[in-house]
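Try each task before you read its solution.

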Amino acid sequence: MSKHHVSTTVNGDPVEFLCDTEQSLLDCLRNELGLTGSKEGCGSGDCGACSVLLDGRLVCSCLVLGVEAGGKTVETIEGMATGEELHPLQQKFLEHAALQCGICTPGILIAAKSLLEKNPNPTETETRYWLAGNLCRCTGYDKIIRAVLDAAAEMRKGA
Amino acid sequence: MRYEAPDTLEAAAQLLASESGEARVLAGGTDLLVQLKAEVISPVLLVDIKKVPETRKITEEDGGFRIGSTVTGAELKEHAKLKAAWPGLVEGANLIGSTQVQGRCTLAGNLCNGSPAADSVPAMIAAGAVATVVGPKGRREVKVEDIMIGPRKLSLEKGEIIASFKLPARAAHASDAYLRFIPRTEMDIAVVGCGVSLTLDGSGTCTDARVGLGAVAARPLLVADAAKALIGTKVDEAALTKLEAAVRAACSPIDDKRGTKEFRIDVAGVLARRTALIALERARKK
Amino acid sequence: MQDRVKGPKYDVVGTRPVRPDGADKVTGRAKYGADHHVAGQLAGKVLRSPHPHARLKSIDASAALALPGVKAVVTRDDIKDQASEFVPAGEMLINYRDVVRNVLAREKVLFEGHPVAAVAATSEAIARQALKLIKVEYEVLPHVIDVLDAMKPGAPIVEDGMITQGVTPAPTTPSNVAKRVEFALGDVEKGFKDADVIIERTFDTKPVHQGYIEPHACVASVSEDGTAELWTTTQGHWIVRAHCSRLLGWDITKLRVTSSEIGGGFGGKTVVYMEPLALALSKKARRPVKMVMTREEVFKASGPTSGANIRVKIGAKKDGRITAAEGELKFQAGCFQGSPVQPACMCAFAPYDLENVKVVGYDVLSNRPKVAAYRAPGGPIAEYAVESVVDELCETLGMDPIELRLKNAAKEGTKAAYGPKFGPVGMIECLEAAKDSPHWNAPLGKNQGRGIAAGFWFNIGGETTVNVQLNEDGTVTLMAGTPDIGGLRASLAMMAAEELKIPYEKVRPIIADTASLGYNFLTGGSRSTFSSGMATVEAARSIIKQACGRAAKLWEIPEEAVTFEDGMFRPAGENAGNHKPMSLADIAKVAGKTGGSIVGVGAISAQGAAPSFGVHIADTEVDPETGKVTVTRYTVIQDAGKAIHPAYVEGQYQGGAAQGIGWALNEEYIYGEDGKMQNAGFLDYRIPVASDLPMIETIIVEVPNPRHPYGVRGIGETAIVPPMAALNSAVKRASGVRMFELPLSPPKVLKAMKAAKGK
């Protein structure tokens, strides 16, 4: 059985790759396109480390088939900064020391970006529930939540 | 493994029906991909139904709603009118997995995955949702409570696909609610789930009720005795006590890694009371 | 966040700069274990035992090898056996006889998930297919999972012929008890006689996993000449080098190990699992081999920590003074000996200044994965039991939990039951800070209760090398060898900058590979900021000394006549002559002409590690109808000695607390009657999610460690020690029921509440 030829848009760039039906979008991003910023922590949608935006919608890329990405847009951590300028969330994560080992960070940043696009002024509780699918084992979430709320405040000022 | 993404359900049904090996419908994929990876299933054909336009939309119909089978949890949440009419159904659907899973998961997938603990199913049962099913022999209507008949077992025939769910029109003072019990605040499978839908008359007397239960038996349940406990009452303390008893009597759960029999029966009653009170409050406000 | 700071003021140390590896980690650029790709690499997969206990009769891999795309298969026949010999490995001992069997089963498979063979193929799909073609003949044996069951006479014996050590006379029949240990001080019998109140309780805990989000992963490449490269996610690449070289019979110098960025370890990445297999496969296949564990494999076949059964007995006078304390700890080791029961015994009563103590521990085998270190190995289990009994003692005596602890608190000069006398320690300071904290004095709501508990961890030093190079423009490159899991590079750069009086941004710290730097013991025992910090200071001071020499040479004065103050090298006083002060950058610029490159090396075996005490306050709300426990407020108070980068110290406190909360409320290995794990995934192995936790308040207490140039104590581990007891006590005070088993899952709590009501 031959592979699928998938044409899609990743971080604004048109890309093509070949994949088998069973390959996840995460697998395709990491192993076919060399975009290893999205991580595989579980492969079952329980940890959120592989979070990407698919047509603007937050998803676990381990729960999407590569072939399903055809004709869609995919946004990953590699596309979050603009040129040399970090996204305010990235900047606030650094300032608040909101990462320790950093393996969950790409997924959390993508998820938080998606939150702030929908809700520019989330409460602490809303933020915690939105990010409940992003496991972090190092930080106890405290500094992550503070960084997201601070970035939201800064982005509202800038808006 | 072949992948097909036809643009009609009839074509999809044909593909599924004519495949001699194991074939699966791909909707949101949030259960299917996990089972594929774990090699719980090894189909030779996946039929993606998301390119079928009728499965992708929410429409108003006969004063109620028709929800396409591949509409995601996130899309349900964003539909203000649906959420106002059926808040319990939407909250049940929104409890499936994480925000990320919400971006993909569907009511049809949650039902057809065949888990007795599916969050949206007791809410759909309480809502009186009816599925439109497309198969090689044409279309038919099936009540949601009649679709799942046991763990991983459906009453659907080979090649049959859920096209949409029909929710009935809502009376003036009617609403619903769904609660589940999980050990954490998110991300767990329901240990007990309970959906309650209520209709009140102008005086606040309950004229109609439906109670759906999940994770307390081999399949999600519609508990007629629980509804009877509420109908004709003001949903007062006496009625709620009867409701608790009726719900507990309907439970036949198992001991497993997520909870004990005793706990499930006990908490089912607690949840039923709490859910009914939320539905009552909502119905009164309408 | 409130800091209780003492001691000197620094320019850089104690500030909160952005970490040097930060930008790469927020942009996805940082390369973790599974992110490395080598041209021509093969995919390696492991065949694992479906049985918890079976004799391994035969393995036939011929069909797998015949599958197109399969390049190599490794079985027990490819790896030489090792004799039984215990060698020190940090805080624990390891036995290479067991390491070789843990990597690949030999006579028997000892747990579900035990590796039986490994395959390398051109794709992962082919490798998986090949695993199914390997024919393995098992003779299934009865298994034993629970620690108390494993200790019963007649239990299935995990290690044939094992005789308990530490018992005289030695037993004549084999058992699953590998070892008995005992620590004693004074006379407990007399102490209990003197007591007005005695409380004796037994507790049970379940094994819990470290739960790092990054699965184990490595890439091995062995050349035709026998030299090899290994890229792996590890807490100690020199340890990986040592274990792999030993198992494969190679000269150490042949193997160069690079540690990737590490996605969490918590002790779990201090052992080798796939690395020797990847190297063996690569050697056979003559191709690089990449191996990545699935999450299921991580749960089933990498070390959790022990589950345990613990009996604690404490006697006290009416005034709260403890007269005697006794403990009996039975720890699951998994399928090979080496549970953390010894440190647990040593830790158990360490927060207290006691005259009469006796602690006995048993190291017990069962058909589970061999345990690995997990953050303060053994400490949380022991302290959960001890601090729960202390809380009951407070209730029984009607005493405030802080006052009773203050009355018995360990202090400078206290002789610990395990031997040493404490130097300056912060137990009393932590208790005082707790007493003054806003949290301790806040009101509670309905169905809420507040618990408090203390914790302790030893902390270690050990072999450490740091290399600091002064670059020609005055900037500095710092090479350390303890993998950076959560801000180490920032802390080392800060200490280097402080010593060299240059801006923090002028220091670039990296984690070097095993061929580029002298030996480093692993990141563990809360040692890396302490030990690598000490080596960094030594290396930096060597640079200053060398720079003084260069200035002296230029100025043609004796080296002693050059001083270094405020970042400038100056002649010391009038007699040294009138020379223009030089900066480090000035010296760097002329280094080539004054003797060559300036490099400072700190190669030490770090001594003087000091313990860190902590006190946690937890508020919980218990749903009276469902038994569900919600943590409503949480505060960590802990002695850091000196917080180099306070934000990362707070992060350790918060992270340790969160792991402890998970351990207390929901986490556990669940086994069926068939001896198989039922919850090997993040769906049902329930670690805390963001919505489960409140903000975690922190109070950094600083009682400097006199043996470290900046007063540093290790802080990473103590933070996980108090939470289980703090929550257990909070649940008691919220619900009226005292629980004796972890986790405090809703079915258990509800059952206890109903039973209490029924009485």
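**Exercise 1.** How many bridges join strand E1 (residues 4-10) of chain A to E2(A), and do the two run parallel or antiparallel? Keep in mind that this is a predicted model.

*Solution.* Start with the pair itself: E1(A) and E2(A) are joined by 7 bridges and run antiparallel. Next, pick out one of the pairings: Ser7(A) has Glu16(A) in E2(A) as its bridge partner. Behind such pairings lies a general rule: strands of a sheet pair through backbone hydrogen bonds, either parallel or antiparallel.

**Exercise 2.** Find the order of the strands in the open sheet of chain A, and explain why one side of E2 and of E4 is left without a neighbour.

*Solution.* Trace the sheet across its 5 strands: the order reads E2-E1-E5-E3-E4, with mixed pairing. Now look at the edges, where strand E2 (13-19) and strand E4 (57-60) of chain A stand; each has a single partner strand, so one of its sides has no neighbour in the sheet. On average, neighbouring strands here are turned by 40° against each other, direction ignored.

**Exercise 3.** Decide how far helix H8 (residues 120-127) of chain B is enclosed by the rest of the structure.

*Solution.* Check the helix residue by residue: the buried ones are Ser120(B), Val121(B), Pro122(B), Ala123(B), Met124(B), Ile125(B), Ala126(B) and Ala127(B). That is 8 of the 8 residues, so H8(B) is largely enclosed. Then step just past the helix, where Gly128(B) takes a positive phi of about 75°.

**Exercise 4.** Describe how helix H14 (residues 488-500) and helix H15 (residues 528-555) of chain C pack.

*Solution.* Begin with the geometry: the angle is about 30° and the axes are 9 Å apart. Angles under 35 degrees count as roughly parallel, so H14(C) is roughly parallel to H15(C). The crossing is right-handed. Turn next to the residues that meet, including Leu492(C) and Met495(C) in H14(C) and Val537(C) and Ile544(C) in H15(C). By class, this contact has 9 nonpolar, 6 polar and 2 charged residues.

**Exercise 5.** Which helix of chain B gives the largest share of the side that touches chain C?

*Solution.* First, take the whole interface: 15 residues of chain B are in contact with 16 residues of chain C. On the chain B side, the largest share, 4 residues, comes from helix H11 (residues 261-285). Sorted by class, this side of chain B has 7 nonpolar, 3 polar and 5 charged residues.

Conventions
Residues numbered from 1 in each chain as written. Chains lettered and ligands numbered in written order. Predicted model: local features only at pLDDT ≥ 70, side-chain atom pairs only at ≥ 80, totals over all residues. Contact = placed C-beta atoms within 7 Å. Nonpolar A, V, L, I, M, F, W, Y, C, P; charged D, E, K, R; others polar. Pairing = 2+ DSSP bridges. Axes fitted to C-alpha atoms, helices over the stretch in contact; angles between N-to-C directions. Buried ≥ 20, exposed ≤ 12 C-beta atoms within 10 Å, placed from the backbone. Parallel < 35°, antiparallel > 145°, perpendicular 65-115°, else oblique. Left-handed = near helix turned anticlockwise from the far one by under 90°.
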